Amino acid sequence: MDGAGASPLLPTRFADWFDQRGWRPRDHQLAMVEKGRAGRNVLLIAPTGGGKTLAGFLPSLIELTQRPTPNSPPGVHTLYISPLKALAVDVERNLMTPIAQMGLKINAESRTGDTGLARRQRQRVKPPDILLTTPEQLALFCAWEGARRYFEDLRCIIIDEVHAIWPSKRGDLLALDIARLSTFAPHCRRVGLSATVDDPDLIRRWLGGAGEVDLVRGAPGAQPVVDVLLSEDRVPWAGHTARHAMPEVYEAIRGARTALVFVNTRFQAEFAFQELWRLNEDNLPIALHHGSLAAEQRRKVEAAMTRGDLRAVVCTSTLDLGIDWGDVDLVIQLASPKGAARMVQRIGRANHRLDEPSHALFVPANRFEMLECQAAREAIAENALDSEPERIGALDVLAQHIMGCACSEPFDLMVLFEEVRRAGPYGGLAWEDFEGVVDFVATGGYALRAYDRYARIVKGLDGLWRVRTAEMALRHRLNIGAIVSPAMLSVRVANGRRATPGRKIGEVEEGYLEVLEPGDTFVFAGRIWRLAGLTGVDVLVTPAPGEDAKMPSWGGSKFALSTFLARRVRAMMSDAHHWQVLPRDVREWLEIQRDRSAIPAEDDMLLETFPRGQRHFLVCYPFEGRLAHTTLAMLLTRRLERLGVGPLGFVCNDYALAVWAIKPMQGVDFAELFDRDMLGDDLESWLAESMMMKGSFKACALISGLIERRSRNDRKSGRQVTFSTDLIYDVLRRHQPDHLLLRCAREDAARGLIDVARLSLMLARIEGRILHVPLEHLSPFSVSVILEIGRQKSPGGAGEMILVEAADQLIAEATA
Amino acid sequence: MKLQGLAARPDGGLSFCLADMEVVCRPSGALWLVDQRALVVADLHFEKGSSYARRGQLLPPYDTRETLDRLEAEIDRLAPRTVVLLGDSFHDAAAEDRLANDDRARLLALAGGRSLVWVQGNHDVTGPTSLLGDVVAYHVVGSLSFVHEPARAPLRWEVAGHLHPCARVRALGSSVRRRCFATDGERIILPAFGSLTGGLNLRDPAFAPLMRQPPLALVLGVDRVHPVGWASLRGD
């Protein structure tokens, strides 16, 4: 290839800049410039380290330098959206380098929730040429009066890490706002920047809506080198901690310049951090990073990482995305990867240099995970990744958007409908659904027309809809966003003898510490604490160094094993020739399973029944992930109850589920038990009562604006709590079961929390393919799931049992 | 602590002896005075939904009929001579005017063949003005007095509402939060009966000055009331 100077696409100033730095523009960077000139929408897919961000901005920088001097101050030219606040700020910094070095008169500024008031106000009066912000800030912009004028000069919208945003409610909101911006600025083009994905067409459709999106691919980086830690003869039968492998992990860290140690849960992060420091004879700087730590502490770790002061960070998905750390040369995945695409992104965090391969080490925590890690390694080597289903926009998000539009300016219903349908996820939106959402925004969508006089948006004599009062607009703007986090408690150090709340060390979800009693010790933020008590929104703790600590929350991974990876695991398991990639002890485990019970064929489901203790067990191995298994177990339990075998409980992991009962189950007709009709009435009646539905209803109520998250005078009287969404859910379910929000909650629960689609595919797959093996004893496979018993919390729907138990304790107290 | 004559009844209620009268805590959250045939319910908060709707939060407008459904069901089951509504029957001063016509008709019908006693609360200081029944500051039956807001000191033989007691009960490594009656054996605080009313945890400091000893929670289950001791209760 010739030197950059020869490229006709780059103006001299840009070509010189590349030359001076000794760089040559990459092909995909030039392709992006060409697409920019042609005014095309484009999705760039390139591995990390490929100069992706510069490729995204290059066309805008060129266009801005060639822009004729305008008569009036111009508006925003390029809008950059990042899923992370920190990334927006970081990109601003990185963008300033070429701008300064080329001496360009371009003004680039970030705006996030942390941006100071003065700067925000100035940005509104005098827009920067390039504005870097988050989806939530954009939604806020779009709900301001004057949004249309502010964005009418917009030429380009860049969405970074688009692979991480699009399949979510945040993505729905962003897509709606992009459609709105296109109405304001019809010549504005859209640019998506994405890591490697299985099916780029899904993102192209999301990004373009009705319009076309061209695809530009960066050169693939060097193939990553992935090893699986075999831990010959020491791979445990069950568990999630990988304690057995910690010395090897520590050695791997010692051998690397800087390592990222990814885990799947905060508990695993705390555990691994403790174990590594126990072994840390060299005093290597090893840090901890997860979502519960105080923001300040997380920022400190990130800053130390940027400076190159750390040798390893133990982290959760909080570091899946984000700032480039060139020094990372090893990514360790502790416990199972769960999906191949996520692993590719995590591995991409190492070595942001395209020509050198990234190094990764998978550390399985048990024998099934050994299969899973091998399957993931092979999938990555073949560039085969798991993919997402097509996204259909959520209606609660649409409700928020419509209210935002009304806060910004009066709208015509038909015009807004057409605009919304130009947003990718809402392309198939039906007029009836749209009308239903508008009715919900206006008067709550109730069949009982009680609230017409309290409408939030009203249709004027001019036929346009507008927000009824300025106060309502103000309140809506306070509650914008599609991220609903669970209620959080602050963990604070207790001060003095009266134990007043002191320094904050982090946050935990409500219920996270439920298994602990005051006086118990636990690990948090890498140290050991004693629980002193709970006061309102604070968890008070005192340091308890050297104590043997309990670990709160034993739950497994929040990520479910992907369908794609599960299929590969089943294939590997069914093919004995394939076992040679496994360590000897795991091979022997498979052989014993084959001799004592059975190894199922790839699409069969193995089902074992055996007695144990006073109980009778049913264990099956669908390999469909914990969520789908939990739903299946709930439904099976209901059916077994009706068959009179007296099911007592169940437990699930990513590979298997076990149900135990008073009576033997080998006589049950399993084809009938697993019949697909369980997804009908059984599912509906269980779902209606389940905590999961109430949880997703709450999220929908907050996003749609039925309930306000924040009010202007956020005073809690401490007395009567205003209202709970559970009560609203119950009232609605009895009086208007077809209400919009119940529908939203049901769709969310079915899609995310209980994985109905996956369960349905699985039940279809195993029809006529259930391999039932009655056994005298438990099998090698079943050990992994049987050992989970007692570690998991009692399943939902046990409320009455808890009350009976507590009342029995009282009786025991009274009769003692 | 022990309640005098505490017994579970086949209908799911818990009965005990308060000021020499047999009272039953019903799974609905109502209190039933057996010999006096008096039904007591607290904190109905009628029209809470429309009260929020007025200010832009469009909560479901079904709370009043939902509460009425449950109240009528109790009346049908027990055929009381007297129904005592223990204050905060309406969510705000204008709530009565916002009643839907059919809900208003049902409220008027409640007074048919029995006496209706509206105790004034802090949300409805005047009590209803267009409905049937007596509006009183407090009501007395034998040595029991019925008020909305409990006096702020341990007191014998008082039945009150206002605080919306709720219990978080722990057992089996998990917990549930439910409405409850709270009693120290000498006074009793009723749970809120209204369908959209939240609750205040019994471990909240607001309860401590009211009780002679750590109270017993009589927790509302699906179809029975469970007595739960202080040791099994948790804060939120």
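Modeller: A residue counts as buried if 20 or more other C-beta atoms, placed from the backbone, lie within 10 Å of its own, as exposed if 12 or fewer do, and as partly exposed in between. This is a predicted model, in which local features need pLDDT of at least 70 and side-chain atom pairs count only at pLDDT 80 or more, while totals for chains, interfaces and linings use all residues. Residues are numbered from 1 along each chain as its sequence is written, and chains are lettered from A in the order in which they are written.

Colleague: Which residues of α12(A) are buried?

Modeller: Helices here are DSSP runs of H or I with at least four residues, strands are runs of E with at least two, and both are numbered from the N terminus. Helix α12 of chain A covers residues 266-279, and what covers its buried residues includes α11 (246-255) and β18 (521-524) of chain A. The buried residues are A:Arg266, A:Phe267, A:Gln268, A:Ala269, A:Glu270, A:Phe271, A:Ala272, A:Phe273 and A:Leu276.

Colleague: Which element gives the most to the side of domain 2 of chain A that touches domain 4 of chain A?

Modeller: By an automatic or database domain assignment, chain A includes domain 2 (225-381) and domain 4 (488-543). Their contact, meaning C-beta atoms placed from the backbone within 7 Å, takes 8 residues from domain 2 of chain A and 9 residues from domain 4 of chain A. On the domain 2 side, the element that gives the most, with 3 residues, is α12(A).

Colleague: What share of the 236 residues in chain B is buried?

Modeller: Chain B has 4 helices and 18 strands, and its C-alpha trace spans about 45 × 40 × 35 Å along its principal axes. The buried share of its 236 residues is 53%.

How values were computed: Expected span 1.5 Å × (residues − 1). Contact = placed C-beta atoms within 7 Å.
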